[in-house]
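Subject: Structure handover

Hello,

Here is the structure I said I would pass on. Please keep it open while you read the notes under it.

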Amino acid sequence: MDHDVRVEDYLDDKLQSTTDFEHLDTLLSSVEYQRSQLQSQLDDATRELDEARKSSADRGASLLSQIDEFQALQKSIDVRLQIIAESDAPDDAIRRLEPPMKQLHQVDLAYRYLSLLQDVEGLRKAARSHLPQDPKAALEPYTRLKQLALRLKELQEQADGAAVHLVTHVEAVTEKLWDEMKKTMWDELEAVLAKRDWPNVDPDLEVDEEWLQCFEKLVDLQAPEVVYSPTTVSLLPMDVMAQIFVKEFRFHFMSDKPTSSPQVINAHCFPWFLALVEKWEDFLRDNFGSVLAAKFGETAVANKIIYMDPVCAFITSMLSVMREKITATIAETAGDTVFLSSLLSQLMTFDERLRSDFSYDGGDADEGWGGLTSEVLSTHFRTWLDAEKKFALERYQAIMAAADARTIDYDFAGAGKTKPTFAAVRVTDLLRSVTAQYERVRRFSHKLRFLIDIQLNILDEYHDHLRGTLEAYLSITSTVGRAFGVTKEQLAALEGTGALETLCKVYGSADHIVNTLKEWSNEEFFVTLWSQLQTRAKSTADQNNLAGGMSYDHVRDRTSSAVGSSTEADSGVLFDETIAAYSQRRTRAAEFLSDALVDSHRKAFKAYLHRPQWSTIADDAAAVAAGDLAVTAELDEPLRILKRDLTFLHNALSTAVFRRVWRTALERLNNTLWSDVLMGHRFTASGAAQFARDVRAVAALVERFIPDGSGALGSLTDALRLLTLPLKDESGEGEGGMTLKRATDMVFTDNSEAKKALEEMGIDELTPANARQILQRRVENAE
């Protein structure tokens, strides 16, 4: 049905009018052509399908055939394996073949060994054939031989130590070849030097071409070793030129001559070495500086001055014999720690001369040369530290045992400065000398050990001494302490200014130590040491060994709690903990000083406080009116005590501390006079005038030593202005016309009127309540 519809549509499309029938033949021809094409395509498709089916059938048959063949082969293999498994013939064959196979392997191995040995010998001969004419050419076969030796060593490690003799032989041949190469070139330069009678030449001489060429060839030979060596090596041409000086050194300083004595090493050996280098300095630089610059200027060692500067290279060649001398000297004087300390100090000076005079850095441009001192200390540091510690502690004990150790050194500083004891000054001098002993040491852990084990230990001992002094003072002066028994000698030592002197010794000594440590904390040496400690604390993972075997906690407790801190607020200094401890002793001593003054004043004013005559009428009314009174007799002794204490403390303490201590004591005295005299008695006009005269005497004495210091008595002074108001102002010279009656009326009216009265009199330290209490002390207001 669908087919008919399509035909109908096609005909409708082609035959739409009668005229279209005229072309019917053409249309039929077209249809017939299309049909024939479709039939042809259908025939081709049918043929291809038949061929595909045939090919598929053939492949299937082939695959089945292959499967059958595989199964048959597998079955055959299984049968043969079963036969083999049940037979002993293969094992017998293997056993019969093992000996000839082993012999074959050994023959092959021997052949390879012989070939390798032949190559080694060939390389050796090739290297020797180029000497002494062309050391650069000789380096090529030598380098190959060296690489072979290194490779064999690596393979031997992987093979659990096999071929020991072969590896040893190749290494021995390599080393012997290198020695032969060096000796060949060495002998050549040595012969040239002998012809020119070296070193008997003019230091201003310009070397000839042959000498220069021999020098250059030795540098060429050694260049690879210099560039690739992980350690510092001496330059061969310098070794050749220095050997005559090495022999001379041994003759003078390592023989039975007097100059070989360890005791004269600083007087003869070190100066000879430095003078030798200084003599040939210009000669070496002028003649050989350009050669070294040309050879090493573009290499990895261009930044190492020991290869670029002939003088430094010469020093490197000479230092080996100096090391021998130092080692022999230490061995010869073993057990003599005093000599060891002296030698190390002299050796540090020698090292420093090489660094400063000749810019010698030992091949380490970043860290610098550790010096021969560092090499000695790597072995003998503990011995040196113990010796220095023992000496320092003995010196400290001697300082503390001196007769004047606990005497104040009034000549240490001028007026207005706190004076320490002789012991404190000598202890800081001792610590300075210890710093001088180790400040030139290069290794950080060694410096930190000196600081903690010696200096901080001495500071701790002296701190314990000061603390013990304060504790002894407290036990003598306190009620609890006296209950356990105090000797008469101890009490006598505190009589007069004894207590003040004891406390001033502690205060002055602690203050001197604190100021000294703060000053040291800003010195370059200790600032650098602190910076190194901070860096080490932040970067070291092992907190049990921060430096020199000391743990992080130990170092922090002995130096500063800021160790390892990354905040700027905790910058800290090396002596933080020690400064804090001494500051506590200083503060405590200052507090005791104020208390001692208060106690001294309490005893001195005891009779004055109980004087009963304040309410009597004076016999000399004119003197009272004129204010021309003498001080009370009971005040003479207190004034003497005050003057004595003021004079002593003025000489012993700094101005600021002197004023601070006395202000506290005077405020307590002000309170005592207020409560025990002013509030404890009643006063007539004459009694009030006498009391005011006495207070003015005390104030005047204080002003002589402490300008404006009488301000601590300000409230008492204002109170006496009220207390001494006249009954009437006949002369017109009262307090702004203020009389006792008028003031009383205003003060007792109300607070507002009281404040007006006080303002009128210029009194600002009293309250209305104080004013009422004071006015009530006048007998006229007793009712």
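The notes below cover salt bridges, aromatic rings, a surface patch and one histidine.

This is a predicted model, in which local features need pLDDT of at least 70 and side-chain atom pairs count only at pLDDT 80 or more, while totals for chains, interfaces and linings use all residues. Residues are numbered from 1 along each chain as its sequence is written, and side-chain values use heavy atoms, with hydrogens and water left out.

Salt bridges

Side chains of opposite charge can pair when their charged atoms come close. The structure contains 35 salt bridges (a side-chain nitrogen of Lys or Arg within 4 Å of a carboxyl oxygen of Asp or Glu). Three of the pairs are described here.

Aspartate 44 is bridged to arginine 47, with the closest N and O atoms 2.6 Å apart. The two sit three residues apart in helix 2 (residues 24-85), which means that about one helical turn separates them. Helices here are DSSP runs of H or I with at least four residues, numbered from the N terminus. Aspartate 44 is partly exposed at 31% relative accessibility, and arginine 47 is partly exposed at 44%. On this scale, buried means under 20% relative accessible area, exposed means over 50%, and partly exposed lies in between (1.4 Å probe, protein chains only).

Glutamate 281 and arginine 285 also meet through their side chains, at 2.6 Å from N to O. They are four residues apart in helix 8 (residues 265-296), so about one helical turn lies between them. Glutamate 281 counts as buried at 17% relative accessibility, whereas arginine 285 counts as partly exposed at 30%.

Aspartate 208 and arginine 196 form a salt bridge with their closest N and O atoms 2.4 Å apart. This pair links distant parts of the chain: both residues are in the loop between helix 5 (164-195) and helix 6 (209-228), 12 residues apart. Aspartate 208 is partly exposed, with 30% relative accessible area, and arginine 196 is partly exposed with 21%. Arg196 and Asp208 are linked with Glu210 in a network of salt bridges.

Aromatic rings

A search of the whole structure gives 34 aromatic pairs. Rings of Phe, Tyr and Trp (its six-membered ring) pair if their centres lie within 6.5 Å; planes under 30 degrees apart are stacked, over 60 edge-to-face, and the rest tilted. The rings of tryptophan 198 and tryptophan 280 have centres 4.8 Å apart and planes at 50 degrees, so this pair is tilted. Tryptophan 198 lies in the loop between helix 5 and helix 6 and tryptophan 280 in helix 8, 82 residues apart. Both are buried. Trp198 and Trp280 belong to one aromatic cluster, whose members also include Trp211, Phe215 and Phe245.

One histidine

Which helix holds histidine 463? Its place is in helix 14 (residues 444-477). Histidine 463 is buried, with a relative accessible area of 8%. Leaving aside residues up to four places away in sequence, histidine 463 touches Ala581, Tyr582 and Arg585 (contact means heavy atoms within 4.5 Å). The side chains of histidine 463 and arginine 585 make a polar contact at 2.9 Å. A polar contact is a pair of N or O atoms within 3.5 Å; within protein, one must be able to donate a hydrogen and the other to accept it, and residues adjacent in sequence count only if both atoms are side-chain atoms.

Regards
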